[in-house]
Amino acid sequence: MYAIVDIETTGGHAAGCGITEIAIVLHNGTTIEGKYHTLINPEQPIPRYISALTGISNEMVYGAPRFEAVAENIFNLLNGRVFVAHNVNFDYSFVKHHLAASGYELDSKKLCTVRLSRKVFPGFPSYSLGNLCRELQVTINDRHRALGDVLATAEVFEMLLAHDEEGIINKMLKGRNKEQYLPPHLPAWQVEQLPVSPGVYYFHDRKGKIVYVGKAVNLQQRVKSHFSNNDGGKRKQDMLRTVCSVSYKPCTSELAALIMESVEIRRLWPQYNRSQKKYHHEYGLYTYEDRNGYRRLFIERKKKQLEAVYTFSLLHEGQVLLKKLIEEFGLSEALCFVDRTASFPPNEPAGEYNRKVDTAIRSLHEQLPSFVLQDNEEENCQVILVERGRFIGMGPFTKEISFADMASIKQNITLYPDNDYIRGLVYQFAEKYPERKKNI
């Protein structure tokens, strides 16, 4: 009925690491029916720190069978039984991945003795196998070796079976229990308490540090689906080991959630977020007055200490715009650092030339829209402000806001950094829902 499993590996994710040892205890719910144990040649070097931890060296596995040689036997032992392990998603991901590579598709129900122990034996300071065994007075012989750990896990499992007065194990095995897919240290009640409305969610590590930020139209459903696919990739397995809690911020719409997600990713720079870290303004169009009194326009990487006339994500985008201003307003290519062979200084006084620069900048700003946008048609909505083409911020709609007064709007919203990604979201939304846009 049950197959209790423990493995030793060359690393933390199945897609790029091998199994060095596997031990399986077959259990019928009352007694042990059988045992299986073997070293495995992982066909890759074992890192020194892992050898130091497990005692398994490259020399020990040199003559051991490769996984594909024992795959059929392992599959037959596991198939049709409940896969039980301490932190089951880790062991299951490795075994499933390597069985699949050998031509066998494992699809078992799972039980995690970490999650079970939290429910049946609440209140322990730690549920690592070593600490749990100390609390339950279970002796582990040959710690960090597959056979020693699996026999200890089997003894813990027998105690869980004996003390499961509320039928927790049967509940977990009923259907496809989604709790089994959650990280072992993430309390299921935190996920169940998430609302089914839009928002931004945060995954925290054991110290409370935010390691991932995401957005959702349905917070509870999205967080549950985050871990439903137990693949063997490094990022997924690292997250499963790291995530210990989840928190959230409610939002009034998907648009507001998308904006807040982008803001928070850039503010927090979470470990496991990949997207949007590259979305930021690399270049700006700046102006200054040289010692001859001429106002110059130039493109440079974005500078925190200077306010840009406009910003770009690509250098080419800025160069195209600057050349357009030069042609339209008769600016000097030399003073704009576009053509250093052009005549310098230009054949006009500084004051006259500077007026042309001011006109060009004013025209650029006039072409850039200023508007407010409501993210939904309900009273509980967010007001999103764009000024001169830039995203400024957002805040809750109130009757005190005067849409004719930019200062009034800014007093009632939270200011956020502008970026191309958010700007694109807002423009697309305004184009799709023009009735929610009010020009300023």
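1. Basis. Residues are numbered from 1 along each chain as its sequence is written, and side-chain values use heavy atoms, with hydrogens and water left out. In this predicted model, local features need pLDDT of at least 70 and side-chain atom pairs count only at pLDDT 80 or more, whereas totals for chains, interfaces and linings use all residues.

2. Helix packing. Helix α13 (residues 315-329) packs on helix α14 (residues 350-367) at an angle of about 125 degrees, the axes being 10 Å apart. Helices here are DSSP runs (H or I, at least four residues) and strands likewise (E, at least two); axes are lines fitted to C-alpha atoms, for helices over the stretch in contact, with angles from 0 to 180 degrees between N-to-C directions. The pair α13 and α14 is therefore oblique, a class left after under 35 degrees (roughly parallel), over 145 (roughly antiparallel) and 65 to 115 (roughly perpendicular).

3. Helix contact. Leu321, Lys324, Leu325 and Phe329 of α13 meet residues of α14 including Lys356, Ala360 and Leu364, where contact means heavy atoms within 4.5 Å.

4. Nonpolar core. Within the largest nonpolar core, of 56 residues, Ile24, Ile74, Leu78 and Leu111 touch the most other members. Such a core is a set of buried Ala, Val, Leu, Ile, Met, Phe, Trp, Tyr and Cys residues joined through side-chain atoms within 4.5 Å. A second, separate core has 25 residues, among them Val213 and Met394.

5. Loop residue. Aspartate 290 lies in the loop between β9 (283-289) and β10 (295-301). Aspartate 290 counts as buried because its relative accessibility is 11% (buried is under 20% relative accessible area, exposed over 50%, partly exposed in between; 1.4 Å probe, protein chains only). Not counting residues up to four places away in sequence, aspartate 290 touches Arg296 and Leu335.
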